[in-house]
Amino acid sequence: MSASAQPLVSIVTPVYNEEEYLAECVESILAQTYQNWEYTIVNNCSTDRTLEIARGYAAKDSRIRVHNNEKFLKMLANHNVAVRQISPESKYCKVVLGDDFIFPECLEKMVAVAEAHPTVGLVSAYEECGDQIRITGLPADQDFVDGREASRQFLMDKLLLFGSQNSVMYRSDLVRGRDPFYVETDSFADFESCFALLCQSDLGFVHQVLTFSRLRPQSAGAISSDIGSHYRSVLGLLFTYGHECLTREEFNERLDCNLSEYYRFLGRRFWVDRDSQFWSFHKTAFAELGMTLSRARLLRAAIAQLFSSFLQPKASMESFKRIFRLRRMRNSQIRRVALETSKDSVLNANTVEDGETLARSS
């Protein structure tokens, strides 16, 4: 099929101070086997050579353009600006983060699955994350699943079918029909957007590693583990979308399980975290979900963790080592600002820009 006969894919990359990785990201777009694409790099007032690099590529390829924000935006606000740059003629939208990249067949394989299944609104694939392959995927002989069932499998903790923005492709009409596309007050905004699309469409899956996401010490994944914000986000997804795709029994089962995991996390932190902002954050998280953080249940969880450390010393030691590794890796200023501004969604499931970005976001 000639490039002119292929559906147009709008690719967007929101960036802030990505001079180290942006060229690698753009080169991965240029290396695509699929040719009918247009590409917009959205620069969020970078203070390094990001804008210079972006403009250099735009000068060489007419399919590439640069949108330069007039004022600095918080991360998810910038991501929303980015997806609003897609062409009205595009059929599909692909977000590629500035410190990540996609493999040469990414667009070709994702578009092929989407074109084979007209009701697909979201296409996913295996994702290389650091040195691991993330996403469990569908059975090998299956490249399509009903959207409601995809959400159900995710909430039931049976299948991880999609990951970061970098790992998925959206149908453009669904992106255009949702404003804002990413909920800027949700720390799992990329997951939430997938759930929203699967309420009205289905999921396609490519059984191939098509994207690479870079791990960083100050990544949102690391900070989310440190803060525990993902426990609140998973419960939020359950309350928002679970009633539509789970039976009452399944919903109650997942609620009990997710709350137990949340309290186990807090029980471990009871003995090692004396940061008042940390505990204020979690009290607020429970309140936002219409619940109260139970001191009695927290104390039981803390005591259970203490007993577990005696009964399973090796496993408990590894758990506490992980906590202290996070503490050593932690930038206290970033953690403080993240706790203060989590509701304003400085974090998402990918990357916290850096200390300067967080400070400017507060």
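A surface patch here joins nonpolar side chains within 5 Å, from residues with over 30% relative accessible area and no salt bridge. In this predicted model, W271, L299, I303, L306 and F307 form such a patch. Together they have about 460 Å² of accessible area. F307 lies in helix α12, residues 295-311. Its relative accessible area is 54%, so F307 counts as exposed.

Now to the aromatic rings. A pair of rings is described by the distance of the centres and the angle of the planes. The model has 21 aromatic pairs. Take Y16 and F72: their ring centres are 5.4 Å apart and their planes stand at 75 degrees, so the pair is edge-to-face. This pair links distant parts of the chain, 56 residues apart. Y16 sits in the loop between β1 (9-15) and α1 (22-30). F72 sits in the loop between β3 (64-68) and α3 (75-83). Both residues are buried.

Y263 and F286 make a tilted pair, with 5.5 Å centre to centre and 55 degrees between the planes. Here, too, distant parts of the chain are linked: Y263 is in helix α10 (residues 248-270), F286 in helix α11 (residues 276-288), 23 residues apart. Y263 has 4% relative accessibility, so it is buried. F286 is buried as well, at 1% relative accessible area.

The charged end of R63 sits over the ring of W37, 3.8 Å from its centre. R178 lies over the face of F181, at 5.9 Å from the ring centre.

Note on methods. Residues numbered from 1 in each chain as written. Predicted model: local features only at pLDDT ≥ 70, side-chain atom pairs only at ≥ 80, totals over all residues. Heavy atoms only, no water. Patch = residues over 30% accessible without salt bridge, like charges linked within 9 Å, V, L, I, M, F, W, Y side chains within 5 Å. Areas by Shrake-Rupley, 256 points an atom, 1.4 Å probe, with all protein chains shown as cover. Salt bridge = Lys/Arg side-chain N within 4 Å of Asp/Glu carboxyl O. Helix = DSSP H or I, 4+ residues; strand = E, 2+ residues; numbered from the N terminus. Buried < 20%, exposed > 50% of the residue type's maximum accessible area, 1.4 Å probe, protein only. Phe/Tyr/Trp six-rings, centres within 6.5 Å; stacked < 30°, edge-to-face > 60°. Lys NZ or Arg CZ within 6 Å of the ring centre and 35° of its normal.
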